[in-house]
Amino acid sequence: MAQKLQSVRGMNDLLPSQIARWHRVEAVLRAVGWAYGYQEIRTPMVEQAELFTQSIGDQTDIVQKEMYIFADRERQQLALRPEATASVVRACNQHGLLHNAQQRLWYLGPMFRRERPQQGRYRQFHQFGVEAFGWAEPDMDAEVLRLSARIWRRLQVRDVHLQINTLGSPQNQQAYRQALQDYFGKHRQQLDADSVRRLDTNPLRILDSKVADTMALVADAPDLRLFLDDEIRRRFERLCELLHQAELPFTVNPRLVRGLDYYTGTVFEWVTEQLGAQNAVCAGGRYDRLVENRGGHVCPAVGFALGLERMVELLRAQEESDDNAANVTNSAPADIYVLSVTENKSVTTEATASVATVSEMLRDADADYKIIAHYGGGKLNKQMKRAAASGARFAVITNADAHAANPVQVKKLHAADAQQPMHTINLNALAAWLKDNFSFSK
Ligand code: ATP
Ligand code: MG
């Protein structure tokens, strides 16, 4: 027997039994995006590798360790996108979307990072994100945070908390970076190997080290707030005011930094205690320089990305603990199961052919019906068992002469209707009968 191949490590199948919750989450994400006037944008999954190296930063973990890079047949360096902000900015610049224009955009799709797979951390995962281009003031930071808060409300997610911080202007960051290098430089021997490497390249990242000794050092590290200029301070205070007005609770976490170089000013994360080590569900901030650094005009911007796997897992855990299983069952694949009376298994008879004809007729009658046609014949009671297992409410039993004036049989399948007899209905009255009985039992 041929060897069975497995999916690539960290890249998962989503099976039919898991899809209902994904659809629910995706529907809410889209609806909330639209509710704030954001429009969808779709960019390719493959880009020139340098787009990410230059946007995210060539010393970041994403670029150094996690990005899938490969040479195509013409030896061009390509990458699977590890995130979408860089791509959205490229697309905006390429198509002139920001010429004298502001844009509110959202995206949803798979991202790729070669991380160590574990609960909540995969090599292919999905992000929903929003990006607002052209607004410099904190009203827009507050808008994207309100938008994210509305997502939790609509999904009835509990236990997510907002942390915010500001990273300051590029000049502030420069001065702070120097101060961190001086401070951590003095304690170099206490730092873990990763942090020593970051000391010269990306000292801000030492602040979110998870190594105990390093964390102890971080506790006494210089405070970023001392390095902020007045304008940045004003904006941050204004954002805090706006969040208070919106009654959106938050914590200021001065150690919150992000793993991508393009952030300036406001940064934030929505975190939860329900997901173990992978506690960030949604993260983002301002990236006021990225558009111009990638060849566009000066254009302030703010956005976030939300991890769907973590979101879906959070919902699953919550619904399980609420014992709310009814909420989460997949909707039945069928409303109507069409079969035919025939004992003949191997041949397509007139009766089995009528199954397809009648199914098509019902799909014409109502585009929303989910209809399963039974092929392969078999004993009536076996077919009826299949019909019941499909979750359908009605079984329609056709026969060899499915013509308009000839009758078919209909049986209601749900437990509450079990006592009802088989109905005999002329084919040309079937659609109307189903419509009446659908609305009646809904
Ligand atoms: P983390 O600190 O968990 O590595 P990150 O800072 O790398 O997250 P971002 O690049 O800001 O994450 O991405 C935004 C969101 O996307 C995260 O908050 C998380 O929900 C999700 N995410 C990021 N990486 C992964 C991954 N490898 N698998 C699943 N979800 C992910
Ligand atoms: Mg990461």
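A: The ligand shell

S10 supplies the largest share of the shell around ligand 1, with four residues. The model is predicted: local features need pLDDT of at least 70 and side-chain atom pairs 80 or more, whereas totals for chains, interfaces and linings use all residues. Residues are numbered from 1 along each chain as written, chains are lettered from A and ligands numbered from 1 in written order, and side-chain values use heavy atoms, without hydrogens or water.

Strand S6 (124-133), strand S10 (280-286) and strand S11 (301-307) each give at least two shell residues (strands are DSSP E runs of at least two residues, numbered from the N terminus). Around ligand 1 there are 15 residues, of which Arg113, Glu115, Arg121, Arg258 and Ala280 come nearest (near means a heavy atom within 4 Å). By class, seven shell residues are nonpolar, three polar and five charged (Gly counts as polar).

Oxygen atoms of ligand 1 take part in polar contacts (N or O pairs within 3.5 Å). A polar side-chain atom lies 2.9 Å away in Gln127 and 3.0 Å away in Arg310, while in Gly307 a polar backbone atom is at 3.4 Å. Of the 580 Å² of accessible area that ligand 1 has on its own, the protein covers 87% (Shrake-Rupley method, 1.4 Å probe).

S6, S10 and S11 belong to an open, mixed sheet of eight strands, ordered S1-S5-S6-S11-S10-S9-S7-S8 (paired strands share at least two DSSP bridges). Its edges are S1 (39-40) and S8 (251-252), each pairing on one side only. S6 and S11 run antiparallel, joined by seven bridges, and Ala132 stands opposite Val302 in S11.

How values were computed
Polar contact = N/O pair within 3.5 Å; in protein donor to acceptor, adjacent residues only side chain to side chain.
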